[in-house]
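Dear colleague,

Please find the structure below, followed by a summary of the findings. Kindly keep it open while reading.

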Amino acid sequence: LVQIPELIGEKDPAYKAGFRRISDITIERNKRVAERLNQDAAAPFRAGFKVYRLAQSAFARTEFTPDPTKSDEENVADLRAYAQEKETDLLTAAKQQQLLQEVLLKSGFLLNARTERLEEFSRNAVFRARDEHNQALVCLDSVLKEQTVAMLRATQEVFICLESALNTSEKLNLRAELGSWLRVF
């Protein structure tokens, strides 16, 4: 379901009921349906839904604009500094879920993809993501530990990580070992 967050007029009964956007009404209707479905003890599933909002990319590099008054070398240095600062900020707990969702969507996963943290990976936070058509292991940590890489060698699953988590030689080695199973962002 897609709903534009169109504003409701102040004279509209929905506005008087506390709704400010048409999308607020849609969300409330879905909540009520889910509640009713979940009251049925014989139901084979728990009903629910997620709300997504169109937003800027969580990847910092998409927001950088070169300064036309600076040289190429200065702009490249500024870009590196900017990316380092934003990637450090990006990996805060609050941004992790947003980044995970964006990476999954960019990797072809459906909006209803489920994720679970894999406890056997103790050195990095590694998640298994699944939907009806895709499955992958995902790690969004800023550094990929050698113990994690060793465990990945034994899997036959797609592995998604941040490009910044690997230096050039690590990336080449992992690409050689995992081949098309490796995807970096």
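How many bridges join β2 to β3, and do these strands run parallel or antiparallel? Five bridges join β2 to β3, and the two strands run antiparallel. The model is a predicted one, in which local features need pLDDT of at least 70 and side-chain atom pairs count only at pLDDT 80 or more, whereas totals for chains, interfaces and linings use all residues. Residues are numbered from 1 along each chain as its sequence is written, and side-chain values use heavy atoms, with hydrogens and water left out.

The sheet

Strands β1 to β5 form an open sheet of five strands in the order β1-β2-β3-β4-β5, with mixed pairing. Two strands are taken to pair if DSSP finds at least two bridges between them; strands (E, at least two residues) and helices (H or I, at least four) are DSSP runs, numbered from the N terminus. At the edges lie β1 (114–117) and β5 (182–184), each of which pairs on one side only. On average, neighbouring strands of this sheet are turned by 25° against each other, direction ignored. Axes here are lines fitted to C-alpha atoms, for helices over the stretch in contact, and angles run from 0 to 180 degrees between N-to-C directions.

Strand β2 (residues 126–130) is joined to β1 by four bridges, and this pair runs antiparallel. Across it, Arg114 stands opposite Arg130, and Glu116 stands opposite Arg128. On the β3 side, Arg130 stands opposite Gln135, while the bridge partner of Arg128 is Leu137. Four residues separate β2 from β3 in the hairpin that they form.

Strand β3 is joined to β4 by four bridges, and these two run parallel. Leu137 stands opposite Phe159 in β4. From β3 the chain crosses through α5 to β4, a right-handed β-α-β crossover; right-handed means that, with the strands pointing away from the viewer, the path from the first strand over the helix to the second runs clockwise.

Burial is defined by relative accessible area: buried means under 20%, exposed over 50%, and partly exposed in between (1.4 Å probe, protein chains only). Four of the five residues of β3 are buried, so this strand is largely enclosed by the rest of the structure. Strand β2 is mostly covered, with four of its five residues buried.

The helices

In helix α5 (residues 146–153), the buried residues are Thr148, Val149 and Leu152. Seen down the helix axis, they fall within an arc of 100°, so they line one face of α5; the arc is that of the directions from the helix axis to the C-beta atoms. Their cover includes β2, β3 (135–139), β4 and α6.

Leu152 has a relative accessible area of 0%. Not counting residues up to four places away in sequence, Leu152 touches Phe121, Leu137, Phe159 and Leu178, where contact means heavy atoms within 4.5 Å.

Helix α6 (residues 168–178) packs on the sheet, where it touches β4 (158–161) and β5, and its direction makes about 145° with that of β5.

Helix α2 (residues 22–39) has 18 residues, which at 1.5 Å a residue should span 26 Å; its end C-alpha atoms are 26 Å apart, which agrees. The expected span is 1.5 Å times one less than the number of residues. Its buried residues are Ser23, Asp24, Ile25, Thr26, Ile27 and Ala34, and what covers them includes α1 (13–16).

Yours sincerely
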